[in-house]
Amino acid sequence: MRFVNVAVGQLGPIARNDTRTQAVARLSGLMRQARSNGCDLIVYPELALTTFFPRWYIEDQSEIDGFFEREMPGPETQALFDLARELGIGFYLGYGELSIEDGVLHRYNSSILVDKSGAIVAKYRKVHLPGHAEHEPWREFQHLEKRYFEPGNRFGVVEAFGGLMGMAICNDRRWSETYRVMGLQGVEMVLIGYNTPVHNPPAPEHDDLSLFHNELVMQAGAYQNGTWVVGVAKAGIEEGVDQIGGSCIIAPSGEVVAACTTKGDEIALARCDLDLCNSYKRTTFNFDIHRQPRAYRMIVERKGKNLMADGTPVGSGE
Ligand code: ING
């Protein structure tokens, strides 16, 4: 048995004017609770240092950039890394990443995995950016992730905490490809932070199902890939927008084994035996025996029913 004692580190709302120091103080409080309950790892939400700013159409680039981290750890987040090392606990943290690559500025919706020594062992950049790129005033609130972030292009798996760990962010959890690409790398625990409004302006008829869909997709991803899945919300009414809670820990069986019951700062815990993955990976979902990739070609050749992966219309190639 390979146990990882995992804590969900759910956050309630972060106000637009809250400082990173205030957010780090809350994250630290959750980390202390998790450690005093014997946890090896705590998983925080997406964009856990600031409010979910893509809900606004902001024109001033310096105002937008105020929601990003140029360094990780930076002056205000170093305290969280120091506490992790002092307590001997690792963490997953979602944040807005501003990085300069070959002199060019890039902005990602990112997450990192930090081990018990306080070292960053993996970084992930959100692949599936939902919402829209232009101001759409008809909406009660915007969802401008396609405007403010560049997409990432890979789902990695890293050896840490005694097993194979993977990361995803929010909308990624709705796409089966997210889990399958990591499943094909043998992932045993997928860590996912999210900020999910209850109301989805293009499809209000889905609102009553937002918590059901949240669990559905993570339970499916867990079972179909024989992996643990940890989903962690930034919940509650944040700058007037009600965001779902539903933070939970899901076993490779697909069963929810721990869950939060509030929409505020709260931990939920589970003793996760990574060896529970084996009975699924070696039988029902033994990919090397059962998968038929030659039947799946469309999954990578096409974007959707009408477009090829390169954006050209389906059927124009013949
Ligand atoms: N948020 C939402 C999510 O995928 C969304 C966007 C809400 C999509 C409701 C569909 C329905 O959970 C982020 N940040 O991706």
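**The largest pocket**

Tutor: In this predicted model, the largest pocket holds about 1,500 Å³ of space. Its lining is made up of 48 residues, and those closest to the centre of the pocket are His128, Asn171, Arg174, Trp175 and Glu177. Several helices take part: H4 (145-148), H5 (176-183), H6 (210-225) and H9 (298-301) each give at least two residues to the lining of the largest pocket. At the level of domains, domain 1 (3-285) and domain 2 (287-318) each contribute at least three residues to that lining. Sorted by class, the lining of the largest pocket contains 20 nonpolar residues, 16 polar residues and 12 charged residues.

The second largest pocket can be described in the same terms. About 220 Å³ of space lies in the second largest pocket. Its lining has 14 residues, and Lys123, Tyr124, Arg125, Arg154 and Gly156 are the ones nearest its centre. Strand E5 accounts for the largest share, with 4 residues. By class, the lining of the second largest pocket comprises 7 nonpolar, 4 polar and 3 charged residues.

To return to your request, the lining of the largest pocket draws on both domain 1 and domain 2, with helices H4, H5, H6 and H9 each supplying at least two residues.

Conventions: Residues are numbered from 1 along each chain as its sequence is written. This is a predicted model: local features need pLDDT of at least 70, side-chain atom pairs count only at pLDDT 80 or more; totals for chains, interfaces and linings use all residues. Side-chain values use heavy atoms; hydrogens and water are left out. On a 1 Å grid over the protein atoms alone, a cavity is a set of points where a 1.4 Å probe fits but cannot get out, and a pocket is an open set with protein on both sides within 12 Å along at least five of seven lines; lining residues have an atom within 4 Å of a point. Grid points are joined across faces, edges and corners, and a volume is the space filled by probe spheres set on the points. Ala, Val, Leu, Ile, Met, Phe, Trp, Tyr, Cys and Pro count as nonpolar, Asp, Glu, Lys and Arg as charged, and the others, Gly among them, as polar. Domain bounds come from an automatic or database domain assignment.
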